[in-house]
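Good morning, and thank you for joining this group meeting.

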2 protein chains.
Amino acid sequence: MLEHFKVPSDIAVKVPVDKLRVATEAVFRKCGVPDKEAKLGADVLMFADQHGIDTHGVSNMLRSYVSGYNSGLLNPDPVFSIVKETASTALVDGGGGLGLMTTPKAMEIAIEKAKESGSGIVSIRNSGHLGAAGYHAMMAVESDMIGWCMTAGGKSMIPTFGAEAQLGTNPIAFAAPADKEPAFMFDAAMTSIAGNKIGLANRLGRPLGAGWVANEDGTPNMEGGAASSFAANSLRAQLPLGSTRELGSHKGYGLGVMVDILCGQLSFAPGFATLDLSRRAHFVAAYSVDAFGSVAEFKRNMDGMLKGLRETKPMPGHDRVYYAGLPEYEEAIKRNKYGVPLHPEVIDWFRSISAEFEIPFDLV
Amino acid sequence: MLEHFKVPSDIAVKVPVDKLRVATEAVFRKCGVPDKEAKLGADVLMFADQHGIDTHGVSNMLRSYVSGYNSGLLNPDPVFSIVKETASTALVDGGGGLGLMTTPKAMEIAIEKAKESGSGIVSIRNSGHLGAAGYHAMMAVESDMIGWCMTAGGKSMIPTFGAEAQLGTNPIAFAAPADKEPAFMFDAAMTSIAGNKIGLANRLGRPLGAGWVANEDGTPNMEGGAASSFAANSLRAQLPLGSTRELGSHKGYGLGVMVDILCGQLSFAPGFATLDLSRRAHFVAAYSVDAFGSVAEFKRNMDGMLKGLRETKPMPGHDRVYYAGLPEYEEAIKRNKYGVPLHPEVIDWFRSISAEFEIPFDLV
C-alpha cells in the first residue's frame, strides 16, 4: 500500500481483527442478512482489512452496503440460481445480493467444475459490490488451483481519446499457489488507480497524483494536485492504466473492456449492451493445476520464480523488489498481531450504527 | 498504429497481400517446413501485415524465423504432442516448432474442448515465437467463442523498483465476437510499449518515448529522447505498463507475472522456475458463448457496447474514439485493397533470400 493512503499513525486506532469481525457480522445481521452469509461477508471485508487493502475494507465499504440494504437496492437474503451450465461453465444470477456473498458461491461452483473437468468458468449477473476481488481468486489457491476474479459496472473510466466515462474501474484479480513463498495474488483496477483511492485521498485531504484523472474536457491531467482543484466528479473521470496514449492508456482501456465482456456480456447482464452500467456483474474462473501436472512440482517452480522476482536487484532509492501478494502477506502478519489501523471517524461510525442497530459496541 | 511507427509513405513499397503470402510460404518451405505448416505460418504473418500490426509482420519477424531454422533452434517439422489433458484442459508440447504453427493447433484443441465442455484451456511449452497473439485469439471468434492468447519468454521487462529485466514483454490477446461491428480484438504487451516497437524506432531512426525504458541504473526514464542516448540494451530495460509506481507500473508488472504463470508455470516449461527465460511458452483459451446463452443475443449486445464505445464524445484534438480491433479492421480493408507498405530494405531482403533459396522473386 502506498504511504500516501495510510491513516496517519498518530490518529489511527488499532482494532483487533476478531473484534472488527464480530462488529461487522452484527451489522450485516441487523440488515437482514442470514447468519452464515453475514459471516461470509465479514470474512471478505476482514481479508481486505487484514491485508492492508484499506480501499476495500470496512472503512470505505461497510456504510455503503448498509445504505444499499436500507434503500432496498441490495437483497439481504437473495435467491442465488444457476441460469445455465455445462461441464466447465456456469452463468449464475446473484438475486440482487451483495457480491461479497454471491461471488464466493460462484467460485465454489467454478472450483467444483475444475475438480471434475479441469476448469470452471462462471459469470455472475444481478449482484452487488464484491469487495476485494483478490479474496475470491484466493479461494481457488486454497484448492491448489489458479483463480481469476473480475468485476464490472459503474461509469468511472474514460476511454483513450474520449471525454466521458464509459466503463467501471474494472479490476482484475489473479492468484496462483506457491509452496514456501506467499501465494502470488494480483488485484488491481484497470484505471491508473483504484477509484476508492481517489475517495480516500479526498477523505484524508491528500493530493491527486499525475495521470490519475482527466481534466474537465477529458484530456489526461499529467500534473496532479489538490483534490479541490479537480472537478467534483473526478471519480467519474478516471484515466485507464497507462494514463495517456503515448504511455499505453489504450492497454488499460482495452483490458477494461475485456473485463466488461467477461463480466457483463458473458452473463447477459442488464444494461451492459447499452453501456448503462448502474448494476454490477462479475466473473470468476478456476484452473486446476492437477489437470496440467504435479501440484507439488508447480508449487516448487512458483517458489523459484517468486523468490527470483523478490531478489531482483533494486533500483536506486529502493531496497526491495516485491511481487503481487507479498506486501499484502506481510501486512497481514502485522495486522493480525497489532490490529487494523482505523481512522477515528470510522470508529465513530461504528459507535453510532451500534447505537442505532442496538448492538453492543466493543471495538475500543 | 501510431504514426510514429509507419514506414514513411514516400519510400514505402506497397506489396499485394497475395504476393507477400506466396513469397513467405516459399521461404518457410525452403527452411524445411511442410507445405501445410508453411501456409499456416504465412497466414499468421499475413494477418499481422494486413491489420497494420507491422511489429509482428514479415518485416520484423521473418528473417529471425529463418535464422532460427538455420541455426537449429527451431524444428521445421516438429512432433506436436498432448502431454496431459482433461475434459476442458490440455498441456501440449510444441516439439520445438515455431509458435506460429504450434499455437493454432493448441487453439483448435481448446475450441474442440469448449464445444464439448464449455471451455478449453491449453498451455504450450517448447515452442518458438507465435507472431501476433491476436491471430490465435481470433480463431475462437470464428467459432463464436471468446478467445485468449498469451506468450511469455525472454528478458525485457524490469519489475517495479527493480534494476534488471526479469520477464518478457508478455502480451495478452483477448477477442470476442460481435454481429455487425468488427470483433473486439485486444493484443498488447504488458510493457508500456511492444518490444518490437523499440526495434522499429531504432530502425526508422525515431526517438524513444517517455516512460518506455529505464535509465542505466533501472530508474524509469520519463523524458524519452533519441534512441542513441539510451543504453544499447534498451530492449532489455523496458518498463511495465504504467511506467512508474505512481502511474501504476506494479499493475503492468503483475499482469506480466500472470502471463508467465499461465504460459510458463502451467505448462511446466523448462527455465521458468529459475527465471531462465530463453525459451518461450504460450497459453490459449476458448470460452463457448453458447455455453452461457444465446450467441445471437450476445453478438447483438456486443454490437451495442462497441458502438457505444466508438461513439464516445472525443476529447479536444481527436475526432474519434476507438475500441481494440477497430483500427486494425479498418487498416485491413485498406491494405487488402492497396497492398502492404514495406520498407525498401525489406524488399531487398526478400530479393536476396529468394536468390539464396533459389525461389522466384515476384514482390514488385
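In this structure, which is a predicted model, let us begin with a salt bridge between the side chains of Lys180(A) and Asp179(A), where N and O lie 3.6 Å apart. Lys180(A) is exposed, with 73% relative accessibility, while Asp179(A) is partly exposed at 41%. Elsewhere, shared partners link Asp54(A), Glu331(A), Lys334(A) and Arg335(A) into one network of salt bridges. Over all chains, the count comes to 36 salt bridges.

Two further examples deserve attention. Glu112(A) forms a salt bridge with Lys115(A), with the closest N and O atoms 3.4 Å apart. Because these two residues are three apart in helix α4 (residues 99-117) of chain A, about one helical turn separates them. Glu112(A) is partly exposed at 44% relative accessibility, and Lys115(A) is exposed at 51%.

The second example is the salt bridge of Asp93(A) with Arg125(A), whose closest N and O atoms are 3.6 Å apart. This pair links distant parts of the chain, 32 residues apart: Asp93(A) belongs to strand β3 of chain A and Arg125(A) to strand β4 of chain A. Are these two partners buried or exposed? Asp93(A) has a relative accessible area of 16% and is therefore buried. Arg125(A), at 18%, also counts as buried.

Arg125(A) leads us to a neighbour. Ala269(A) touches Arg125(A), Gly264(A) and Ala281(A), leaving aside residues up to four places away in sequence. Ala269(A) sits in the loop between α7 and β8 of chain A, and with a relative accessible area of 10% it is buried.

I turn now to the contact between the chains. How many residues does each chain contribute? Chain A gives 94 residues and chain B gives 94 residues. Together the two chains bury about 7500 Å², 72% of it on carbon and sulfur atoms. On the side of chain A that touches chain B, the elements giving two or more residues are β3, β4, β5, β6, β7, α7, β8 and α8 of chain A. The largest share of that side, twelve residues, comes from α7(A). Between chain A and chain B there are 30 residue pairs in polar contact, yet zero salt bridges are found across this interface.

Finally, consider strand β5 (residues 145-152) of chain B, in which eight of eight residues are buried. In a regular strand, side chains alternate between the two faces of the sheet. In β5(B), Met145(B), Gly147(B), Cys149(B) and Thr151(B) point one way, whereas Ile146(B), Trp148(B), Met150(B) and Ala152(B) point the other way. β5(B) pairs in the antiparallel sense with strand β8 (residues 280-288) of chain B over eight bridges, and there Ile146(B) stands opposite Tyr287(B). Four bridges also join β5(B) to strand β6 (residues 172-176) of chain B, again antiparallel, with Met150(B) partnered by Ile172(B).

Technical notes:
Residues numbered from 1 in each chain as written. Chains lettered and ligands numbered in written order. Predicted model: local features only at pLDDT ≥ 70, side-chain atom pairs only at ≥ 80, totals over all residues. Heavy atoms only, no water. Buried < 20%, exposed > 50% of the residue type's maximum accessible area, 1.4 Å probe, protein only. Pairing = 2+ DSSP bridges. Contact = heavy atoms within 4.5 Å. Buried area = accessible area lost by both parts, 1.4 Å probe. Salt bridge = Lys/Arg side-chain N within 4 Å of Asp/Glu carboxyl O. Polar contact = N/O pair within 3.5 Å; in protein donor to acceptor, adjacent residues only side chain to side chain.
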